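Dear colleague,

Please find below the structure that I am handing over to you.

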Amino acid sequence: MTKTITLIRHLKSSWDSPSLDDRDRPLNSRGKAAGPIISAALLQRCPRPDLVLCSPAQRTHATLGYILREMPDLNVRFEDSIYDATIGDLTKLIATLDESCQHLMLIGHNPAVLDLLWCLCPPEDTNLPIYRKFPTGAVACLKFSDMLWQDIGKAKGKPHALFTPKSVSKEKEADDLEP
């Protein structure tokens, strides 16, 4: 069965209030500016997800808010385990999904999101810069043919869309310059 996984690292967060608990850090101005860019690119480049699993941290919740502006009425589940997850935690969580879900979107944190990307679509399969550093706001949409969720980690995906706020902005600038 064909599956799609879209991995998103939260948008850029603020460190202005060191007394705030890490889970409570809001987006900074750069993250807020990137929100509409990433959500519009998701709508254009990736299929609509059947399920969104999101860390409950403020910055992931705010990232999701921008996505919901473009794709309202998504099926969202906040999972506390995503906040400080390891790759093992994420693969265990994904393995429990119902097979009726064809496209999962996961909004989380590094290093687990980057580790999961490397596991599902190894960096040696591509030399794209996004594999060296999965910056805030980065998106990796991967397609899998003939995979069950319980087999996550065994099947290897193919990149369908890989982008960052910066790469999308550069593309737009290039489009604006074309006659």
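This is a predicted model: local features need pLDDT of at least 70, side-chain atom pairs count only at pLDDT 80 or more; totals for chains, interfaces and linings use all residues.

Residues are numbered from 1 along each chain as its sequence is written, and side-chain values use heavy atoms, with hydrogens and water left out.

Salt bridges

The structure holds seven salt bridges, a salt bridge being a side-chain nitrogen of Lys or Arg within 4 Å of a carboxyl oxygen of Asp or Glu. In one of them E99 pairs with K3, with 2.9 Å between the closest N and O atoms. E99 lies in the loop between α3 (87-95) and β4, and K3 in strand β1, so the pair ties together parts that are 96 residues apart in sequence. Helices (H or I, at least four residues) and strands (E, at least two) are DSSP runs, numbered from the N terminus. K3 is buried, with a relative accessible area of 0%. The C-alpha atoms of K3 and S145 are 6.5 Å apart, although 142 residues separate the two along the chain.

A further salt bridge joins R23 to D80, with the closest N and O atoms 2.7 Å apart. This pair links distant parts of the chain, 57 residues apart: R23 is in the loop between β1 and α1, and D80 in the loop between β3 and α3. R23 is partly exposed at 27% relative accessibility, and D80 is partly exposed with a relative accessible area of 46%.

R77 and E79 also form a salt bridge, their closest N and O atoms being 2.7 Å apart. R77 is partly exposed, at 32%, whereas E79 counts as buried, at 18%.

Overall fold

The chain has five helices and six strands, in the order β-α-β-α-β-α-β-α-β-β-α from the N terminus on. The radius of gyration is 16 Å, close to the 16 Å that the globule rule gives for 179 residues, so the chain is as compact as a globular protein of that length. This radius is taken over C-alpha atoms, and the globule rule is 2.2 Å times the number of residues to the power 0.38. Buried residues make up 48% of the 179 residues.

Backbone geometry

Most residues other than glycine have a negative phi, and most peptide bonds are trans. The peptide bond from N110 to P111, however, is cis, with omega near 10°. P111 is found in the loop between β4 (103-108) and α4 (112-120). D73, which is not a glycine, has a positive phi of about 65°; D73 sits in the loop between α2 (58-70) and β3 (76-78) and is exposed, with a relative accessible area of 74%. D146 is not a glycine either, and has a positive phi of about 55°. D146 belongs to the loop between β5 (139-144) and β6 (158-163) and is exposed at 68%.

With kind regards

Notes. Buried means under 20% relative accessible area, exposed over 50%, partly exposed in between (1.4 Å probe, protein chains only).
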